[in-house]
Each structure stands twice: as C-alpha cells, then as structure tokens.
Amino acid sequence: HEAIRKDIVDFFTAFPDLQSKVLHIVVSGDSIAFEVEMWGVHKGPLITPAGIIPATNKPMKMRGGRFMRINSQGKIIECNRYYDIA
C-alpha cells in the first residue's frame, strides 16, 4: 500500500493539476481492466525508474491501462499500471 501511495503522491507532485477520464472498463470475476486518458502541466520533478525529470512547465496528455484484482471485501490486492509516456 505504501508503494502505491508514494507513486501517486510523486505523480501529483509532478502534475498538480492532473485530470483524467476513464475511456474503457472491462470486468471479469475478480479482475478489472481500464484505459484512462490523463492530462496536466509538468510543474514538479517526475520520478521515473530511469531517474528524475525536472519540471518542464509544458502540458502533457497520455493514455494508460490498469489491471487490478479485487478481493471479496472490494479491496485491491493486485494492481499493474502501464502508461504510454512517449
């Protein structure tokens, strides 16, 4: 949980005005997949596996996918996220 929380905080630090829209959702059993479109202005450091990208003050728009498994209490037990950052 802490790793997911840190990732979200880091992303909102980089894009404090981030907005998003869910484009597609698929549900099957305990699995949920969805495609999301996000946009905002790069105002803070962006932490990536390759290092830190300083703020560019440029707008960005990207799409991504999330694949999650949910337990019987409705809590996320697995979450994998993929972004098209090109």
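Reply: Aromatic rings and the sheet

Tyr-82 is exposed, with a relative accessible area of 52%, where exposed means over 50%, buried under 20% and partly exposed in between, computed with a 1.4 Å probe on protein chains only. The model is a predicted one, in which local features need pLDDT of at least 70 and side-chain atom pairs count only at pLDDT 80 or more, while totals for chains, interfaces and linings use all residues. Residues are numbered from 1 along each chain as its sequence is written, and side-chain values rest on heavy atoms, with hydrogens and water left out.

There are 3 aromatic pairs in the structure. The ring centres of Phe-11 and Phe-15 are 5.1 Å apart and the planes stand at 45 degrees, so this pair counts as tilted. For such labels, rings of Phe, Tyr and Trp (its six-membered ring) pair if their centres lie within 6.5 Å, with planes under 30 degrees apart called stacked, over 60 edge-to-face and the rest tilted. Phe-11 is buried at a relative accessible area of 18%, and Phe-15 is buried as well, at 4%. Phe-67 pairs with Tyr-82 in an edge-to-face arrangement, at 5.9 Å from centre to centre and 65 degrees between the planes. Because Phe-67 lies in strand β5 (residues 59–70) and Tyr-82 in strand β6, this pair ties together parts that are 15 residues apart in sequence. Strands (E, at least two residues) and helices (H or I, at least four) are DSSP runs, numbered from the N terminus. Phe-67 is partly exposed, with a relative accessible area of 44%. Ring pairs also link Phe-11, Phe-15 and Tyr-83 into a cluster.

The two strands that hold Phe-67 and Tyr-82 belong to an open sheet of 4 strands, ordered β1-β2-β5-β6 and paired in the antiparallel sense. Each of the edge strands, β1 (19–28) and β6 (76–83), has a single partner strand, so one side of each is left without a neighbour in the sheet. From one strand to the next the twist averages 20 degrees, the axes being lines fitted to C-alpha atoms (for helices over the stretch in contact) and the angles running from 0 to 180 degrees between N-to-C directions.

Between β5 and β6, which run antiparallel, there are 7 bridges, and two strands count as paired if DSSP finds at least two bridges between them. Met-68 stands opposite Cys-79 in β6. The two strands form a hairpin with 5 residues between them, and Gly-74 in the turn has a positive phi of about 80 degrees.

Leu-23 is found in strand β1 and is partly exposed, at a relative accessible area of 25%. Its neighbours within four places in sequence left aside, Leu-23 is in contact with Glu-35, Val-36, Glu-37 and Arg-63, contact meaning heavy atoms within 4.5 Å.
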